[in-house]
Structure formats: C-alpha cells, structure tokens
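Dear colleague,

I am passing on the structure below, and my notes on its salt bridges and on one strand follow it.

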Amino acid sequence: MSAGAHPAREQVEQLELADALREFRTETGRSLLDLVDESPVLLVFLRHFACAFCAQTLDRVSQVREQIAAKGARPVFVHLGSPERAKPYFDYYHLSDVERISNPDASLYQLPAFALSRTNPYLHFLNPTVWRGWLKGAMRKYGIGMIQEDAEQMPGVFFLKDRKIERAFRHRTIADEPDYLKLVGAG
C-alpha cells in the first residue's frame, strides 16, 4: 500500500480496476481480468501502426519477451486498429501468439486507472525529444506509414499483478523509451 493511502480506498480502487478489466476481451476472447489472475501482465498500449515508435515498441518487447516470461509475466498489447490491421505487425515482430486487445474507441486507454493522455499529433514535430528519437534511427529502421488509427492517443505501459497496477509508464512524448524489464521487476 502506498504511503498515506487509505486501505478501504485502495480496496475500492482494486475492485473498480478488476471490474473494468473483466469488460475487455482479447482477440482470442479471453478477458483481461482472467489473464491478470493467471499471471502478471505487462500491458502495452500502442498509438497507431504507422508510428515508427510503435513499431520500435513491438520490436523491443519481442527482443525481451523471454526475460519478461522468466519473471513470470506476459506481455499483452492494446491497440487502436482492427484485428486484421494489427495481425501483420504482430506477425512481423514474432508476436503472433501474444494476447492483444483491439480497442478502436480507446475506452481502455481512457479508464481512470490508466488515464493515457491525448495530444495534437502535429506538436510531435516541434518536440526535440521526438526529433532525437527519429534521428537515432527510429524513422530509418521502422519507417512511417499512412495513419489509420487515432494519432492523438498517447501510449503507455503498465505492470499488472494481483489485480493492481504495480508499476506504470505514461509516455510524455511519443519517443519515450520505457524499460520493460524494470517494469516487470527484472531490471
């Protein structure tokens, strides 16, 4: 329990999160709550599939997937596209068998527990951190494409365990690079 938190309030927040997680289903039909009850989950929210930094996220999670599993956790992705649109991206990064949630209306992103922000996509072009990310190779390695999903939605990563958010990373810029292993307690 966090310092100063009231035990009853924390229990209410945990129940509210569990109720919300019960409502969201993966593309295979499993509830997010069932997945969290089976094992800790690294819940990775993506922006859109034309984003170089989202491709980078898929690539990096694929690279550390075994270390995530070694900590007893599993990655689960949330995306704004249709399952058909998402499939080639997950296949390309060898994540075909990873559970994912298609959430085109961004209702999971907007839950108070996650509260992922929205931003004007044109402001990214004015942000030096984003430019550095592109110049460090994100654009060259992952490219960009035609935006079909909501470019205003910001990403985030949450480590869920025992029906609670243990650790969270909310992106301030699209170029932020979370430490996935640290989030699951392996870093």
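Is Asp 97 buried or exposed? Asp 97 is exposed, with a relative accessible area of 58%, where exposed means over 50%, buried under 20% and partly exposed in between (1.4 Å probe, protein chains only). Please bear in mind that this is a predicted model, in which local features need pLDDT of at least 70 and side-chain atom pairs count only at pLDDT 80 or more, while totals for chains, interfaces and linings use all residues. Residues are numbered from 1 along each chain as its sequence is written, and side-chain values use heavy atoms, with hydrogens and water left out.

A search of the whole structure gives eight salt bridges, each being a side-chain nitrogen of Lys or Arg within 4 Å of a carboxyl oxygen of Asp or Glu. One of them joins Asp 97 to Arg 65, with the closest N and O atoms 2.8 Å apart; Asp 97 lies in the loop between helix H4 (83-92) and E3, and Arg 65 in helix H3 (residues 52-70), so the pair ties together parts that are 32 residues apart in sequence. Helices (H or I, at least four residues) and strands (E, at least two) are DSSP runs, numbered from the N terminus.

Another salt bridge links Arg 100 and Glu 27 (3.1 Å, N to O); Arg 100 counts as buried at 8% relative accessibility, whereas Glu 27 is partly exposed at 29%.

As for strand E1 (residues 41-45), five of its five residues are buried, and E1 pairs with strand E2 (residues 74-79) in the parallel sense over five bridges, pairing requiring at least two bridges found by DSSP.

With best regards
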